[in-house]
Amino acid sequence: MDFVIAIPSYRRAGMIEAKTLALLDRHGISRDCIHIFVANGNENNTYRDTLGEGWKHIVTGVPGLWRQRNFITAYFPEGTYIVSLDDDVEDILRLYGDPNRNRVRKPLHAGGLVDIINDARMKMEEYGINLWSLNTSSNVRDMGHTLTYSWGLCNGFFWGCLNRKSSDLRLLRGDGHEDFERTCRFWRPRR
């Protein structure tokens with residue numbers, strides 16, 4: 001797999017195991033590329049005790065989500081394809097059926113997550129896009145089979161980027177705003 005998964009997590013060892021890590025396992029994503037970023041040494045011990053020995057990339061970062069996101073950027077080499085997920089993502093739904101009626105949301109087929117991640121990278125490189133994310137809406141009217149290349153919020157629950165260590169991409173505004181800030185900072189063209 002030509003990407004790394006970065007999951008910031010705090011005091012949710014049981015939740016990450018039951019939700020995000022279970023989702024990644026169902027989609028066949030290797031544990032070797034999954035990195036769980038925790039706030040301190042005590043958290044690291046708790047996650048290791050809860051998750052067991054199969055998780056070799058539990059990384060002690062820093063407290064605070066926006067600071068942890070900056071730590072993740074500094075942690076991985078320039079150009080690394082980073083896919084970031086929240087620690088409470090249970091499933092990814094896809095819209096099936098006629099686009100005009102009888103649309104149904106169903107869980108993405110097993111292995112489909114890898115297809116999305118690889119397709120997103122190809123589209124980023126093809127179109128010079130700096131950032132991608134999935135639609136957060138559960139309303140079938142807002143879910144389409146099309147991609148949007150225009151301005152819009154890249155929500156923080158599931159997104160990807162090619163790592164750039166430019167100081168103008170560092171988050172500065174604090175928790176609660178990090179997805180808005182990241183979207184604005186990444187919107188600028190690559191240099």
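The buried residues of helix 3 pack against helix 1 (13-18), helix 2 (20-26), strand 2 (34-38) and strand 3 (58-60), where buried means under 20% relative accessible area, exposed means over 50%, and partly exposed lies in between, with a 1.4 Å probe and protein chains only. The helices I name are DSSP runs of H or I with at least four residues, and the strands are runs of E with at least two, numbered from the N terminus. Please keep in mind that this is a predicted model, in which local features need pLDDT of at least 70 and side-chain atom pairs count only at pLDDT 80 or more, while totals for chains, interfaces and linings use all residues. Residues are numbered from 1 along each chain as its sequence is written, and side-chain values use heavy atoms, with hydrogens and water left out.

Let me stay with helix 3 for a moment. In this helix, residues 41-51, the buried positions are E43, N44, Y47 and L51. They cover an arc of only 105° around the axis, which puts them on the same side of helix 3; the arc is that of the directions from the helix axis to the C-beta atoms. The exposed residues N42 and D49 sit on the face turned away from that buried side. At the start of helix 3, a side-chain oxygen of N40 comes to within 3.1 Å of the backbone nitrogen of N42, and just after the helix, G52 takes a positive phi of about 90°.

Now to the chain as a whole. The protein chain has 6 helices and 8 strands, and of its 191 residues, 43% count as buried. Taking contact to mean heavy atoms within 4.5 Å, among contacts between residues at least 6 apart in sequence, 68% join residues at least 24 apart.

Which residues touch the most other members of the largest nonpolar core? In this core of 33 residues, they are I5, I29, I34, I36, I117 and F158, a nonpolar core being a set of buried Ala, Val, Leu, Ile, Met, Phe, Trp, Tyr and Cys residues joined through side-chain atoms within 4.5 Å. Helix 5 supplies the largest share of this core, 5 residues. If we leave out residues up to four places away in sequence, I34 touches I5, I7, L21, L24, I29, W55 and H57. There is also a second, separate core of 7 residues, which includes V4, F37, I72 and I82.

Strands count as paired if DSSP finds at least two bridges between them. Strand 1 runs parallel to strand 4 and is joined to it by 3 bridges, with A6 standing opposite S84. Strand 4 also pairs with strand 8, here in the antiparallel sense and over 5 bridges, and I82 stands opposite C161 in strand 8.

Not counting residues up to four places away in sequence, Q68 touches P8, F37, V38, A39, G61 and V62.

Note on methods: Polar contact = N/O pair within 3.5 Å; in protein donor to acceptor, adjacent residues only side chain to side chain.
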